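I am opening a notebook page on this structure. The entries below record what I looked up, in the order I looked.

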Amino acid sequence: MHALFADSFAALGRLDNITLVMVFHPQYLESFLKTQHYLLQMDGPLPLHYRHYIGIMAAARHQCSYLVNLHVNDFLHVGGDPKWLNGLENAPQKLQNLGELNKVLAHRPWLITKEHIEGLLKAEEHSWSLAELVHAVVLLTHYHSLASFTFGCGISPEIHCDGGHTFRPPSVSNYCICDITNGNHSVDEMPVNSAENVSVSDSFFEVEALMEKMRQLQECRDEEEASQEEMASRFEIEKRESMFVFSSDDEEVTPARAVSRHFEDTSYGYKDFSRHGMHVPTFRVQDYCWEDHGYSLVNRLYPDVGQLIDEKFHIAYNLTYNTMAMHKDVDTSMLRRAIWNYIHCMFGIRYDDYDYGEINQLLDRSFKVYIKTIVCTPEKVTKRMYDSFWRQFKHSEKVHVNLLLIEARMQAELLYALRAITRYMT
């Protein structure tokens, strides 16, 4: 942990609260820091000030002022023009042109087409090269998902920043963001208690019930396998049901001018892909997947980055301590796969070999509300949502969940963008 902190401080010149929360999972943090360092500071197609400006554009789409402010400082530090920070319309046309891709990628990535790609690559004197565009796409997806993590873990600004680390009495409304980094959690990692007065025994039985469902599903798997038609049908049912998962706290969040000036069309946000009679074809992983297609495309156009992202995906997906709340020696692979595949299902991405019936068995409604909010509209997450799922689990386990959510989200966005690039190239 000490070595990771030293490396992070050496690379960034600071030890930010994202690092302090991610260090619950040092193996992941090491991979994350290595990837982010490469994207922002090592040799690559884009100049350094462009990289930080794209980070600002991406974080601003989710109104994540924490990340916007970090990258405003970094942008100025590497010699960026302060005028660009007055609003996107003051940035070069080339970056302004990226605004549409940023918008669709953040909120409705299934709408990305090869025409979006063609518009950027054939903009005459403002054109992007393929290598530059891949670098930009990776940065956009990285910061969209990092905004999800920032809101999902209730990360607040550092002590030297505006609004950072100030003492506040406990909130009475339960609508404040969960402050893991504000010194309000105990170091000895007590289980998370719900904001509502739920008895310890109730949340204990939730854990037992989840363990029992996992055992039963494993037995069913061993006994019989559903047909391909049945598997496809279960996917469609789960996809349809995911559209009706929303929070009672769901209300519009108006972006502050300090953030909204970094992007256009502030009214554009997440919309379920089958609402309003719009049909979007299912994205079958068997036809285009990260391992066989996306990875090699990224690595070819932006060497070594595909490898770093792939390693980060694998660590997040396979990370386990074989524990669940108070239980040890637990195989959590079924639960981790259900979370990952549920997120991809919300994005219309289907795995032919997965039984989507397992998702409803393993993920209860309060957990689904949290997942959907973090992945689709992270600016709307509340402390109540964080507290209401897996009430007997530790903070480190909930941070672990957030790592799964952000990597599954990043991969889903990348798949749609890289498929569009591939279609343009062919």
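**Aromatic rings**

I began with the rings and found that Phe367, Tyr370, Tyr386, Phe389, Trp390 and Phe393 form one aromatic cluster. For pairing I used rings of Phe, Tyr and Trp (its six-membered ring) with centres within 6.5 Å; planes under 30 degrees apart are stacked, over 60 edge-to-face, and the rest tilted. The model is predicted: local features need pLDDT of at least 70, side-chain atom pairs count only at pLDDT 80 or more, and totals for chains, interfaces and linings use all residues. Residues are numbered from 1 along each chain as its sequence is written, and side-chain values use heavy atoms, with hydrogens and water left out.

I then counted 21 aromatic pairs in the structure. One of these is Phe283 with Tyr416, edge-to-face, with 5.0 Å between centres and 80° between planes. Phe283 belongs to strand β1 (residues 283-284) and Tyr416 to helix α19, so this pair ties together parts 133 residues apart in sequence. I took helices (H or I, at least four residues) and strands (E, at least two) as DSSP runs, numbered from the N terminus.

My cut-offs were under 20% for buried, over 50% for exposed and partly exposed in between (1.4 Å probe, protein chains only).

Next I looked at Tyr354 and Tyr356, whose ring centres are 4.9 Å apart with planes at 90°, so the pair is edge-to-face. Both Tyr354 and Tyr356 are buried.

**Charges over rings**

Lys398 has its charged end over the ring of Phe389, 4.2 Å from the centre. Lys94 lies over the face of Trp128, 5.1 Å from the ring centre.

**Helix α7**

Why do I call α7 (residues 99-107) largely enclosed by the rest of the structure? Eight of its nine residues are buried. Among them are Leu101, Val104 and Leu105. The cover over these buried residues includes α4 (48-61), α9 (130-152) and α19 (395-425), where contact means heavy atoms within 4.5 Å.

**Whole chain and cysteines**

I noted 19 helices and four strands in the protein chain. Of its 426 residues, 55% are buried.

I found zero disulfides, a disulfide being a pair of cysteine sulfur atoms within 2.5 Å. Cys220 is partly exposed at 41% relative accessible area, while Cys376 is buried at 4%.

Key. A charge sits over a ring if NZ of Lys or CZ of Arg is within 6 Å of the ring centre and within 35 degrees of the ring normal.
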